[in-house]
Amino acid sequence: MEKRGWALSALSEAAAALARSNSTGILIQEVCEAIAAQGPYVLAWVGCAEDDAFKTVKVVGAAGKASGYIKDIVVSWSESELTGRGPGGSCIRNNKTSIIVDGEIDPGFIAWRERARTFGIRSVISCPIPDGITGMPFGALLVYSKIPNTFGIAEVQLFESLAKEIGFGLRSIERQHKLDDQIHEKQLIQERLASSLRATIEAMSKTMEWRDPYTAGHQKRVAMISMAIARMLGWENERIQALYMAAMVHDIGKMAVPSEILTKPSRLTDLEMQMVQGHVEAGYQILKDIPFPWPIAEMVHQHHERLDGSGYPNKLKGDQICEEAKVLAVADTIEAMATHRPYRPAKGLVAAMEEIKAEAGQKLDPKVVDAAYQLLEGDNELQKIIDTQ
């Protein structure tokens with residue numbers, strides 16, 4: 001009963017260690033410590049079966065008062081080696097529990113008898129740890145006692161059960177690590193794709209600006225203002241990045257507008273104005289079939305819509321307009337008024353802010369306008385963006 005109690009206590013403590021471990025090294029070490037803290041157990045260690053010429057049993061974790069026993073120890077699981085005929089080697093080779101009832105008389109313990117006396121070791125149990133794949137053990141769990149004949153039938157069953165649990169724990173951790181690696185690799189791929197997508201969007205923006213030198217930098221500044229407003233509104237980073245990409249191409253439809261109209265220094269005719277307004281629909285047509293992870297095309301399509309339905313192209317009202325387009329509308333208005341255009345000089349940031357304040361609640365979203373005004377505080381982030389070339 002006392003022997004069984006020691007084994008049960010060891011199993012209980014080791015099971016707790018198995019449950020909380022998240023790495024193979026920690027799992028093996030804590031299990032060995034849990035076992036070696038019980039009764040007459042002076043040493044517990046786990047050996048891994050190496051596939052080298054010598055068939056080495058490598059120590060991967062150990063604990064106990066007699067830990068010095070395995071310092072520089074040489075163990076093999078080859079039958080042709082003297083060090084392969086002990087409990088560890090026999091257990092791995094035969095995939096079967098091996099027991100040394102009393103090291104003083106067991107012929108299989110000759111190679112370690114003198115060493116064992118030094119540390120007061122008398123009996124040993126070695127249980128195979130299954131790897132669950134090849135059918136051969138991963139290695140062995142070895143437990144050493146200072147008392148002869150410590151391991152009876154009940155104790156053997158308990159330690160065999162523990163060895164199986166160790167094997168299961170090791171496989172679970174390995175699977176989790178593989179899963180973590182796969183997740184990390186996917187994240188890296190997604191980051192590279194996002195970077196490539198961003199670079200592509202920026203290239204598209206530059207291409208359009210080459211046709212219209214007067215608005216060079218317009219889309220970039222609108223993007224920067226939009227991101228600053230979105231941060232004030234507390235948006236998550238991914239949503240802000242989507243808004244940035246939409247802003248960088250919000251005027252891409254102007255590729256379909258003749259450059260002489262875009263750069264015309266005088267007032268546009270009604271027909272010319274219709275052609276300019278058509279850039280929103282053209283931009284949507286360019287972007288709608290690109291499989292963006294966000295509704296970029298719709299953001300671009302709606303950035304000239306207004307809350308009261310006075311915008312274009314579809315005269316959407318209120319909640320019919322997406323939040324991103326409402327931010328773009330404010331940012332676009334600020335940038336357009338505060339900077340130079342071929343048909344008029346820059347009106348400046350003060351005039352631009354007065355304009356959006358006058359239209360807040362009627363044409364522009366008041367929450368977005370308030371967020372834009374907050375950017376004037378402190379270092380006046382808005383002015384810094386407007387001054388960006």
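Let's start at a turn: in the hairpin of E4 and E5, with six residues between the strands, Gly132 takes a positive phi near 75 degrees. Strands here are DSSP runs of E with at least two residues, helices are runs of H or I with at least four, and both are numbered from the N terminus.

A word on what we're looking at. This is a predicted model, where local features need pLDDT of at least 70 and side-chain atom pairs count only at pLDDT 80 or more, while totals for chains, interfaces and linings use all residues. Residues are numbered from 1 along each chain as its sequence is written, and side-chain values use heavy atoms, leaving out hydrogens and water.

E4 covers residues 123–130 and E5 covers residues 137–145. They run antiparallel and are joined by eight bridges; two strands count as paired if DSSP finds at least two bridges between them. Pro130 has Pro137 as its bridge partner in E5, and Ser123 has Ser145. E4 also pairs with strand E3, residues 98–100, again in the antiparallel sense, over three bridges. There, Ser98 has Ser126 of E4 as its bridge partner.

How much of E4 is buried? Seven of its eight residues are, where buried means under 20% relative accessible area, exposed means over 50%, and partly exposed lies in between, using a 1.4 Å probe and protein chains only.

Now let's zoom out to the sheet. It is open, with five strands in the order E2-E1-E5-E4-E3 and antiparallel pairing. At the edges sit E2 (57–63) and E3, each pairing on one side only. On average, neighbouring strands are turned by 20 degrees against each other, direction ignored. For such angles, axes are lines fitted to C-alpha atoms, for helices over the stretch in contact, and angles run from 0 to 180 degrees between N-to-C directions.

Which helices meet these strands? Helix H2, residues 24–36, packs on the sheet and touches E1 (41–49), E2 and E5; contact means heavy atoms within 4.5 Å. The direction of H2 makes about 55 degrees with that of E2. Helix H3, residues 87–94, lies across E1, E2, E3, E4 and E5, running at about 145 degrees to E5.

The whole structure holds six aromatic pairs. Rings of Phe, Tyr and Trp (its six-membered ring) pair if their centres lie within 6.5 Å; planes under 30 degrees apart are stacked, over 60 edge-to-face, and the rest tilted. One of the pairs is Tyr41 with Phe151, stacked at 6.0 Å centre to centre and 10 degrees between the planes. Tyr41 is in E1 and Phe151 in the loop between E5 and helix H5 (153–211), 110 residues apart. Tyr41 counts as buried because its relative accessibility is 2%.

Tyr41 also pairs with Phe159: the centres are 5.7 Å apart and the planes at 80 degrees, so this pair is edge-to-face. Phe159 is in H5, 118 residues from Tyr41. Phe151, at 5%, is buried, and so is Phe159, at 2%. Together, Tyr41, Phe151 and Phe159 form one aromatic cluster.

Last, two charges over rings. Arg239 lies over the face of Trp235, at 3.8 Å from the ring centre, and Arg115 over that of Tyr69, at 5.8 Å. The cut-offs are NZ of Lys or CZ of Arg within 6 Å of the ring centre and within 35 degrees of the ring normal.
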